[in-house]
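Subject: Handing over the two-chain model

Hi there,

Here is the structure I promised to pass on to you. Have a look at it first, and then read on for what I found.

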Amino acid sequence: MTDTIDITLNGERRAVTRGVTLLQLLASLELDPRAVVVEHNRTIVRRPALSDVRVAPGDAVELVHFVGGG
Amino acid sequence: MATAVETLRDTPFTIGGRTFHSRLMVGTGKYQDNETMVRAVEASGAEIVTVAVRRVDLDRTKRAGVLYHLDPKRYFLLANTAGCATAQDAVRYARLAREAGFNEFVKLEVIGDQETLLPDVQGLLEAASILVREGFKVLAYTNEDLVAALRLEDAGCAAVMPLASPIGSGLGLLNPYSVRTIKRRLQVPVVVDAGVGTASDACLTMEQGVDGILMNTALAAARDPVAMAHAMRLAVEAGRTAYLAGRMARREVAVPSSPLEGMLD
C-alpha cells in the first residue's frame, strides 16, 4: 500500500497523501481556505466541512477564486 | 455635476434591492498590471466591479487573486460567468461564485458564438430560471433584442444587460433604437454591457435613458486607462444628466439664437 494516491486537481493528475482531507490539501498547497472555493467531484464543499472530507483515488477537485474579468 | 443631477431629482439606481450611487460599473480584466487596474477602478468612481471565477494557479499560489488588490468592503463584487457556453456551466460558475461569500448577485453570460461572443438566448433563459429559483439576483448579458429582454425579465432577472456592440470590440452603441425600446418596455433596470469604446459612446448610451453601463476593455485597452476611467465617469454623468434634462427637438431649419430686432439699418 503506497502512501500517496492520484487525484485530478484543477484538471491535472497529482499525487497526494492518502487519506488527506480537503483542508490539509489546501494547507499543503499554501492556500488560505478563505481565499478559495473548493469543488469536490462536482459538489461544492463549504469551508466548515473541508476538514471532514477526505479525498479518494480518482477524485476530481477544483480550487477556484476570483480573477480579473469583465 | 452631482448637484445638477440632484436638482433634477434622479431616481435611485437600484438593482435587486440594493441601491448604488454610480451608474458606471467596470470590469477588472485585461489590465497590464494590477496597480493600473486599481487606479482605473478608483478613477471611474464605480461601486460595482466585475470579477471572473477561474482555477487557482497551483504553481503560483502565492500570486493571490484579484481580491488581494480590490477591497471587497469598498467595492460591490459582481461575479460573472464569462466563458461559459452552456446553461449548465453558467449555473456551476454562479454557484462557485456565490460560495466565495460576498453576495448573491451574478452577471450571467452564456456565450453562443465564439467569434462574436454573442449570447445564447436559449441558454440564458434556462440558466436564469434555475439561478432565480436558487435565490440569485441575475443580471443577464444579452443582445439588443426586445423579446429576449422581455423573456429574461419574465424569468425573474434583476437586471437586463443588452450589449452596445460585441464584447471587447469598442464599436460603440450600434443600435440606439433597440436599446431605447428595451429600456422603455422593461420594468427592471437596463444596464448596457459591452462595446463602449470611448467617452462619447458612454454619453450617447446614457442619453438613451438606460440605467447604467458596464465596461472593461474601453478602460483596460486605453493608452491611459486611469485617464479614460475619469473620462468615462464624466461621460456617464453627462449622458445621464442630459437624458434627465431632456434634449431640444430636432429641426430641419435654422432658428436664430440672437434677436432679429435692433439690427442696424
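Buried residues make up 44% of the 265 residues in chain B, where buried means that 20 or more other C-beta atoms lie within 10 Å of a residue's own, exposed means 12 or fewer, and partly exposed is in between, with C-beta atoms placed from the backbone. In chain A, 27% of the 70 residues count as buried.

A word on conventions: this is a predicted model, in which local features need pLDDT of at least 70 and side-chain atom pairs count only at pLDDT 80 or more, while totals for chains, interfaces and linings use all residues. Residues are numbered from 1 along each chain as its sequence is written, and chains are lettered from A and ligands numbered from 1 in the order in which they are written.

On confidence, chain B averages a pLDDT of 94, and 95% of its residues score at least 70; pLDDT is the predictor's confidence in each residue, from 0 to 100. For the complex, the predictor gives an ipTM of 0.93 and a pTM of 0.91.

The two chains

Chain B has nine helices and ten strands. Helices (H or I, at least four residues) and strands (E, at least two) are DSSP runs, numbered from the N terminus. The radius of gyration of chain B is 20 Å, close to the 18 Å that the globule rule gives for 265 residues, so chain B is as compact as a globular protein of that length. That radius is taken over C-alpha atoms, and the globule rule is 2.2 Å times the number of residues to the power 0.38. Along the principal axes, the C-alpha atoms of chain B fill a box of roughly 85 × 40 × 35 Å. Among contacts in chain B between residues at least 6 apart in sequence, 63% join residues at least 24 apart; two residues are in contact if their C-beta atoms, placed from the backbone, lie within 7 Å.

Chain A has one helix and five strands, in the order β-β-α-β-β-β along the sequence. Its radius of gyration is 12 Å, close to the 11 Å from the globule rule for 70 residues, so chain A is as compact as a globular protein of that length. The C-alpha atoms of chain A fill a box of roughly 45 × 25 × 20 Å, taken along the principal axes.

Where the chains meet

29 residues of chain B are in contact with 19 residues of chain A. On the chain B side, strand S4 (48-55), strand S5 (76-80) and H3 each give two or more residues. The largest share, six residues, comes from S4(B). By class, this side of chain B has 15 nonpolar, nine polar and five charged residues. Here Ala, Val, Leu, Ile, Met, Phe, Trp, Tyr, Cys and Pro count as nonpolar, Asp, Glu, Lys and Arg as charged, and the others, Gly among them, as polar.

Five bridges join strand S5 (residues 60-68) of chain A to S4(B), and the two run antiparallel; strands pair if DSSP finds at least two bridges between them.

Inside chain B

Five of the six residues of S7(B) are buried, so S7(B) is largely enclosed by the rest of the structure. S6(B) and S7(B) pair in the parallel sense over four bridges, with B:Val106 partnered by B:Val138 in S7(B). Four bridges also join S7(B) to S8(B), again running parallel, and B:Tyr141 stands opposite B:Met161 in S8(B).

In a regular strand the side chains alternate between the two faces of the sheet. From strand S8 (residues 159-162) of chain B, B:Ala159 and B:Met161 point one way and B:Val160 and B:Pro162 the other way, and all are buried.

Helix H4 (residues 121-133) of chain B also has buried residues, including B:Gly123, B:Leu124 and B:Leu131. What covers the buried residues of H4(B) includes helix H3 (87-99), strand S6 (105-108), strand S7 (137-142) and helix H5 (146-154) of chain B. Just after H4(B), B:Gly135 takes a positive phi of about 90 degrees.

Happy browsing!
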